[in-house]
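Colleague: Hi! I'm new to reading protein models. Could you walk me through this one?

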Amino acid sequence: MTQTVYVAVYSSKYGDEVAVFNNIKAAQTWREDIAQEYWSDYFEKEKPESKEDSANIYWDRLSQFGEEFFSIYERKLDQ
């Protein structure tokens with residue numbers, strides 16, 4: 001039996017945080033939540049209403065400057 005998991009890696013100047021999720025939506029929600037929490041540290045303008053849009057803007061901008069990165073990897077686990 002094989003199980004699919006999603007490994008999310010949040011990299012910042014403080015190090016890497018790694019979390020494993022059972023579904024892609026949960027991993028994306030963590031990505032969105034981080035962007036929501038730290039938005040005002042990097043942007044003066046208001047966040048877009050959509051959490052997905054604000055997360056995309058946040059991670060695009062921070063990765064361009066080499067500040068922070070977020071990656072999601074799909075992995076298969078044999079049980």
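Modeller: Happy to! One term before we start: helices and strands here are DSSP runs, numbered from the N terminus. Also keep in mind that this is a predicted model.

Colleague: Got it. So where does Tyr14 lie?

Modeller: Tyr14 sits in the loop between strand 1 (2–12) and strand 2 (15–21).

Colleague: And is Tyr14 buried or exposed?

Modeller: Tyr14 counts as exposed, because its relative accessibility is 72% and the cut-off for exposed is over 50%.

Colleague: Let's switch to helix 1. What span should its 19 residues have?

Modeller: Helix 1 covers residues 24–42, and at 1.5 Å a residue it should span 27 Å. Its end C-alpha atoms are 26 Å apart, which agrees.

Colleague: Where does helix 1 bend?

Modeller: The bend is at Gln36, by about 35°.

Colleague: What caps the N-terminal end of helix 1?

Modeller: That is Asn23: one of its side-chain oxygens lies 3.3 Å from the backbone nitrogen of Lys25.

Colleague: Which residues of helix 1 are buried?

Modeller: They are Ala27, Trp30, Arg31, Glu32, Ile34, Ala35 and Trp39. These buried residues pack against strand 1, strand 2, helix 2 (51–64) and strand 3 (69–78).

Colleague: Helix 2, then. What does Ser54 touch?

Modeller: Ser54 lies in helix 2 and is buried, with a relative accessible area of 0%. Leaving out residues up to four places away in sequence, Ser54 touches Ala35, Gln36, Trp39, Lys47 and Pro48.

Colleague: Now the rings. How many aromatic pairs are there?

Modeller: Pairing rings whose centres lie within 6.5 Å, the count comes to nine aromatic pairs. One of them is Tyr10 with Trp59, which is edge-to-face: 5.6 Å centre to centre, with 80° between the planes.

Colleague: Which parts does that pair tie together?

Modeller: Tyr10 is in strand 1 and Trp59 in helix 2, so the pair ties together parts 49 residues apart in sequence. Tyr10 is buried, at 7% relative accessible area, and Trp59 is buried too, at 4%.

Colleague: Last one: which residues form the aromatic cluster?

Modeller: Tyr10, Phe21, Trp30, Trp39, Tyr42, Phe43, Tyr58, Trp59 and Phe70 form one cluster.

Technical notes: Residues are numbered from 1 along each chain as its sequence is written. This is a predicted model: local features need pLDDT of at least 70, side-chain atom pairs count only at pLDDT 80 or more; totals for chains, interfaces and linings use all residues. Side-chain values use heavy atoms; hydrogens and water are left out. Helices (H or I, at least four residues) and strands (E, at least two) are DSSP runs, numbered from the N terminus. Buried means under 20% relative accessible area, exposed over 50%, partly exposed in between (1.4 Å probe, protein chains only). The expected span of a helix is 1.5 Å times one less than its number of residues. The bend at a residue is the angle between axes fitted to the seven residues ending there and the seven starting there. Contact means heavy atoms within 4.5 Å. A polar contact is a pair of N or O atoms within 3.5 Å; within protein, one must be able to donate a hydrogen and the other to accept it, and residues adjacent in sequence count only if both atoms are side-chain atoms. Rings of Phe, Tyr and Trp (its six-membered ring) pair if their centres lie within 6.5 Å; planes under 30 degrees apart count as stacked, over 60 as edge-to-face and the rest as tilted.
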